[in-house]
Amino acid sequence: MLSVVIPVYNEAGNLIPLLEELTDALIGLPTPYEVIFVDDGSSDESPQILASLGAKNDAIKIVTLKRNLGQTAAMMAGIDHASGQVIVALDGDGQNDPADIPALLDKLAEGHDVVSGWRRERRDGWRRVWLSRIANRLISRISGVELHDYGCSLKAYRRETIRGVRLYGEMHRFIPIYASWQGARVVEIPVNHRPRVQGQSHYGFDRIGKVFLDLLVVQFLGRYETRPMYVFGGFGLVCWGIGILAGAFAVYRKFFDATSFILTPLPLVSVMSFMTGVLSMLMGLLAELLVRTYYESQQKTPYAIKSTLNLERSG
């Protein structure tokens, strides 16, 4: 079973043409498929159009969110309700070409776990393209997962690769990073990108800051999810070091330069640094307790097993 997940927000004019193209692209595939439209609280005629399409075709599933929660939440809802062993995601604005889906599936068949689309020839304004290139290079450098186009929604996943992945904020674009850190094989292929014909873009420059902040969260979770004390404790040690140096320098100036403590901010810096270090250490200890509670209360493990052999004989 192939599941195609399409988040929708105010795309009434694009839905019928998109579904026609999608049907043409999938009709020749040897496997059954389903199309899951996730209405992200649209305020136009999108809900009515989706309901009409779903009533005519059993392969079309409709998930309607109570209010607009963003593309990541809509994507997560679609993945949660997908039945297929392979999940393909694409935008509902018609800029992703459904004709590229067979190429993504062929790449999966070669043994890859995630196939990400690369809009090599983007049909967007030069400012948006330029900022996107900078963001993609930054994300690739920080995460260690080299992709040219994290923002392309057209991606194909094996279901077991993204099982258990929970997405928040604007983190749907970082699924290849999560998958790669779990040992998945990630590859990127060029795909067609088309200009928007109807409707308005829902992407603004305010997303740049959000993406950067989400990247910090992803990096923290990827490296320190099970060892938060390394972050908080490391910062605490740095603060203690600053406090010791500031205090020692204040004493030195007191006895060798005859500079009173009240004439220099060094004593205050020393005390504040030491207190900040203590608080950081305490936060690290609390974070360690929360991590253990999270895993043990849900019987989760901090590792993922790919396969086993002869374990039944060990008893």
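Buried means under 20% relative accessible area, exposed means over 50%, and partly exposed lies in between, with a 1.4 Å probe and protein chains only. The model on screen is predicted: local features need pLDDT of at least 70, side-chain atom pairs count only at pLDDT 80 or more, and totals for chains, interfaces and linings use all residues. Residues are numbered from 1 along each chain as its sequence is written, and side-chain values use heavy atoms, with hydrogens and water left out.

**Stop 1: a salt bridge to start**

Select Lys107 and Glu110. Their side chains meet in a salt bridge, 3.4 Å from N to O. The term stands for a side-chain nitrogen of Lys or Arg within 4 Å of a carboxyl oxygen of Asp or Glu. Lys107 is partly exposed, at 23% relative accessible area. Glu110 is exposed, at 54%. The structure holds eight salt bridges.

**Stop 2**

Now select Arg119 and Asp149. They form a salt bridge, with the closest N and O atoms 2.7 Å apart. This pair links distant parts of the chain, 30 residues apart. Arg119 sits in the loop between β5 (114–118) and α5 (126–143), and Asp149 in the loop between α5 and β6 (155–158). Helices (H or I, at least four residues) and strands (E, at least two) are DSSP runs, numbered from the N terminus. Are Arg119 and Asp149 buried or exposed? Both are buried.

**Stop 3: Arg123 and its contacts**

Stay in the loop between β5 and α5 and pick Arg123. What does Arg123 touch, leaving aside neighbours within four places in sequence? Gln95, His193, Arg194 and Pro195 are in contact with Arg123. Contact means heavy atoms within 4.5 Å. Glu21, Asp97 and Arg194 are linked in a network of salt bridges. For a sense of scale, draw a line from Arg123 to Gly222. Their C-alpha atoms are 33 Å apart in space, and the two are 99 residues apart in sequence.

**Stop 4: the nonpolar cores**

A nonpolar core is a set of buried Ala, Val, Leu, Ile, Met, Phe, Trp, Tyr and Cys residues joined through side-chain atoms within 4.5 Å. The largest one has 32 residues. Which of them touch the most other members? Select Val38, Ile139, Ile162, Phe174, Ile177 and Tyr178. Next, colour the elements that give two or more residues to this core: β2 (33–39), α3 (71–80), β4 (86–89), α7 (175–181) and α8 (207–224). The largest share, five residues, comes from α3.

Zoom in on Val38. Not counting residues up to four places away in sequence, Val38 touches Ile6, Pro7, Val8, Val63, Leu65, Ala74, Ala77 and Gly78. Then look for the second core, which is separate and has 29 residues, including Val4, Val88, Ile101 and Leu154.

**Stop 5: aromatic pairs**

A search of the whole structure finds five aromatic pairs. Rings of Phe, Tyr and Trp (its six-membered ring) pair if their centres lie within 6.5 Å; planes under 30 degrees apart count as stacked, over 60 as edge-to-face and the rest as tilted.

Select Trp240 and Phe274. Their ring centres are 5.9 Å apart and their planes are at 25°, so this pair is stacked. Trp240 lies in helix α9 (residues 229–256) and Phe274 in helix α10, so the pair ties together parts 34 residues apart in sequence. Trp240 is partly exposed, at 28% relative accessibility. Phe274 is partly exposed, at 48%.

Move along to Phe249 and Tyr252. The ring centres are 6.3 Å apart and the planes at 10°, so these two are stacked. Both residues lie in α9, three residues apart, about one turn of the helix. Phe249 is partly exposed at 44%, and Tyr252 is partly exposed at 42%.

**Stop 6: helix α10**

Finish on helix α10 (residues 266–297). Select Leu268, Val271, Met272, Phe274, Met275, Val278, Leu279, Leu282 and Leu285, and show the surface. They form a nonpolar patch with about 870 Å² of accessible area together. Patches are made of residues with over 30% relative accessible area and no salt bridge: like charges are joined within 9 Å, nonpolar side chains (Val, Leu, Ile, Met, Phe, Trp, Tyr) within 5 Å. Accessible areas come from the Shrake-Rupley method with a 1.4 Å probe; for residues, only the protein chains shown count as cover. Leu279 is exposed, at 52%.

Last, select Glu288 and Arg292. Their side chains meet in a salt bridge, 2.5 Å from N to O. Glu288 and Arg292 are four residues apart in α10, so about one helical turn separates them. Glu288 counts as buried, at 13%, while Arg292 is partly exposed, at 44%.
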